[in-house]
Structures are given as structure tokens and as C-alpha cells.
Amino acid sequence: MRHIISILLENEAGALSRVSGLFSARAFNIESLTVAPTEDASLSRMTIVSVGSDDVIEQITKQLNKLIEVVKVVDLSEAPHIERELMVVKVRAIGKDREEMKRTADIFRGRIIDVTESTYVVELTGNTAKLDAFIEAIDRTLILEAVRTGVCGIGRGDRILRA
């Protein structure tokens, strides 16, 4: 099962390394990892997406809670949540492909953020499935370059991750 683990940790050197090391020491794959300071500059929020059984995720969560820098750990997948990812993709846009690419970007509520004579750069935001669907919808031979941020997630309603 896919899990989105959100971690509040002290914003200090080596914290990211210790958290990711915990996953690698157990031969557990991280599919996506994002980290940035929160509204409190002394804290960072890390979001990790990984696939594993509930038991394995529970063990990882317990191990994460033992790290000194970790303030709080939440598995967002356990309750209603919102997740988003950003993708920026550069595509070849020449002749008939130009209009088709613009139409496809519009369908997926993407924005064309850069235009040259032969390329478009399209920005899309959404869940992972939406971004994957965009890639499937266009001719893969037109993709020149793509970059994705990884998942950011937040609990719905009154569920918050705070120290």
C-alpha cells in the first residue's frame, strides 16, 4: 500500500540524512521526498511517499519517532488528506503538435509558462495520478525534459501536524 508520511523535524544539518538513512538501512524504498522549512524557521516539514505493508510503515514510524530531531510523525494516508505534486515538462511543439499540446495542457488545467519557436514548457499541479495521466495522454516522443517535485500533503479538516 502507498503511504504518505509527514514528518515535523528540527531544521538542522544532518536531519534529512538521518531520516533517509533509516529507510535505506532497512532496504525500504523512498518513492518521493520533499522537505522545506515551515512557518516556524526552526522546523522543517518532510513528506515521504513509500510503498509497504501497514506493519512495515508502523515500524518505520516508530523508528522515526526515536530520532532526536523528529518532533512529530503522521501517516497522512490513514485519514482524509490533500496531496499535490508539481510537474514542469518541456515538449516539442512544432506544426500540428503545437495546437494539440496547447489543447491537452488546457484539458489537464496546465499552464504554458514558456514558449519558443519549437517548444512549450507546461506547468501542471495535481495528484500523482493526474500528472501520470498527462504524460500518458501526450506523444512521449514529444517530451524533451520533465521534472517533478514529489508529493506534498496535508490533512483535511482539523487534523494538523504541529509541535
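Some ground rules. Residues are numbered from 1 along each chain as its sequence is written, and side-chain values use heavy atoms, leaving out hydrogens and water. The model is predicted, so to speak of a local feature we need pLDDT of at least 70, and side-chain atom pairs count only at pLDDT 80 or more, while totals for chains, interfaces and linings use all residues.

Overall layout. The chain has four helices and nine strands. Those are DSSP runs, numbered from the N terminus: helices are H or I with at least four residues, strands are E with at least two. Along the sequence the pattern reads β-α-β-β-α-β-β-α-β-β-α-β-β. The C-alpha trace spans about 60 × 35 × 30 Å along its principal axes. Of the 163 residues, 37% count as buried. Buried means under 20% relative accessible area, exposed over 50%, and partly exposed in between, with a 1.4 Å probe and protein chains only.

Four strands form an open sheet, order 2-3-1-4, with antiparallel pairing. Two strands pair if DSSP finds at least two bridges between them. Strand 2 (32–37) and strand 4 (70–75) stand at the edges with a single partner strand each, so one side of each has no neighbour in the sheet. Strand 1 (residues 2–10) and strand 3 (residues 43–51) pair in the antiparallel sense over nine bridges. One of the pairs: Arg2 has Val51 in strand 3 as its bridge partner.

Is Thr47 buried or exposed? Thr47, in strand 3, is buried, at 3% relative accessible area. Contact means heavy atoms within 4.5 Å. Not counting residues up to four places away in sequence, Thr47 touches Ile4, Ile5, Ser6, Ser32, Leu33, Thr34, Val151, Cys152 and Gly153.

Next, Ser42. It is in the loop between strand 2 and strand 3. At 43% relative accessibility, Ser42 is partly exposed. Beyond four places in sequence, Ser42 touches Leu9, Glu10 and Asn11. Ser42 and Glu12 are 30 residues apart in sequence, yet 7.9 Å apart in space, C-alpha to C-alpha.

Last, the largest pocket. A pocket is an open set of points on a 1 Å grid over the protein atoms alone, where a 1.4 Å probe fits, with protein on both sides within 12 Å along at least five of seven lines; lining residues have an atom within 4 Å of a point. Its lining includes Leu8, Thr38, Asp40, Arg45 and Ala163.
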